[in-house]
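Morning, everyone. Let's take a quick look at one model and its charged contacts. Here it is.

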Amino acid sequence: MVTESRSADAGVAHMPARPTWGVRSDLRAMLGDGVAFSLMIGVGESYIALFALALGFGDIAAGLIATAPMLVGAVLQLATPAAVGWLNSHKRWVVLCAALQAASFVPLISGALAGSMSPIVLYATTALYWGLGMATSPAWNSWAETLVPRGLRATYFARRSRWSNVALLGGLALGAATLRGSAETDYALEPYALVFGFALVARVISACFLSRQNESKPVEIGETRISPHAIREHLARGAHGRLLAYLLVFQFSVWSAAPFFTPYMLGPLMLDPAGFAILTGVAFAARIAALPVLGRVARDSGTRRLLWLGSAGIVPLPLLWLVSDHFAWLLLVQIAAGFAWAAYELAAFLSFFEHIPRRARTSILSVYNLANATAIVAGSCVGGLVLELADTNGYYLLFSLSASARFLSLVLLRGVADVVPADSRALPLRTLGLRPSAGAVQRPILAGLPDEPATASARAREMEARLIDS
């Protein structure tokens, strides 16, 4: 780990001005990348756990395939600075990772066509997918700051997120339609080859859009490196260390059950891929719909109250799945889950990232990703052990234990610092994966966070209106 040499603002400030047509071209290409990337997630990543079940893997193996590879990704992101330095370019590293991530679908397609796949190969392929995806995050965040003018960022990234969310839900629907016949033929594997083929093509298109974006002057390599000093300073200030402790314990409690909702839906509940897609999509749509309203709540009441509200709403969710298997009831549960998760993660991200100096944001996000992934994997391993040791009522025991652990973890919320965001607009988020029990795996887009101070000049607002309209 190396201390950052200078702030991102310094690198951006010395970049030569680009003509308006060049900015427009970059923004359109960035929008195209976001849409294609989200389509890949909806039609590809969302169905990997179902593919594991179709291969004949057990519930535990299918559940862990959704979490264990995330830790590989969180670790590999720490190697990004060295890779960017070796290539002397953020753009080259991001495009390379995107192309290789597209290639990670090739073994999945081959396994589906062959009708079988080794568990080791499936886990390794999924780990490669997550590793390459998360390895781009620090470099992409730094690069994106140089492409989007300061006064344009909040509006532009909000617009990009909206189109990306539409593409993600479209991809989820496309995958469900493609797999519709698989449930009627004892989970035939051939349709999965087509689904993963769509995902591969979408990521290739995303990589092409990335390659079209400008990098006239690469950002200083040191700006993407991890600063232990910045991390220690942030955790020691404003009770953020206590907040992180709560978030990790709560995530451990949640993810002891969360990975196993997919096998529960296709097993005991006997849902088909269409039912899985509808319930997953409803939770995600509710999550997105709630964010603007919750942003205003955070501005008016602070993040601590919002964090309490979201956490309390998440606590009973596993038990609600046990009340009834009627589809209408499950839809209501998913709508409630979407709102609760939106409140929880918005409050958590705002509390953790709102007032971080720009030079420290990459460091804080990187360590947060690693700690969060560690808690997720640890929780899922414990949950898998509970299912392994339990009898036929394993899901009832697991969901009850998870709800109890979530409730007990609320005691750690006492003393967590309150943050009042300066802007009520929704925090720009990048969706990395969909989960039926949590709506999505999302991370903040650092370039879209407010500056210090969060102001925009009249000239910047004029540029914003001109570019967005075009």
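Which residue forms a salt bridge with E45? It is R435, with the closest N and O atoms 2.8 Å apart. By salt bridge I mean a side-chain nitrogen of Lys or Arg within 4 Å of a carboxyl oxygen of Asp or Glu. E45 sits in the loop between helix 2 and helix 3 (48-54), and R435 in the loop between strand 1 and strand 2, 390 residues apart. Both are buried, that is, under 20% relative accessible area with a 1.4 Å probe, protein chains only.

A word on the basis. This is a predicted model: local features need pLDDT of at least 70, side-chain atom pairs count only at pLDDT 80 or more, and totals for chains, interfaces and linings use all residues. Residues are numbered from 1 along each chain as its sequence is written, and side-chain values use heavy atoms, without hydrogens or water.

The structure holds five salt bridges. Another one is D33 with R203, at 4.0 Å, N to O. D33 lies in helix 2 (residues 20-43) and R203 in helix 12 (residues 190-211), so this pair ties together parts 170 residues apart in sequence. Helices here are DSSP runs of H or I, at least four residues; strands are E runs, at least two; both are numbered from the N terminus. D33 is buried at 2% relative accessible area, and R203 is buried at 1%.

Next, E345 and R287: 2.1 Å, N to O. E345 is in helix 19 (residues 327-353), R287 in helix 16 (residues 273-301). E345 is buried at 10%, R287 at 1%.

Last, helix 10 (residues 137-147). Eleven of its eleven residues are buried, so helix 10 is largely enclosed by the rest of the structure.

Technical notes: Buried means under 20% relative accessible area, exposed over 50%, partly exposed in between (1.4 Å probe, protein chains only).
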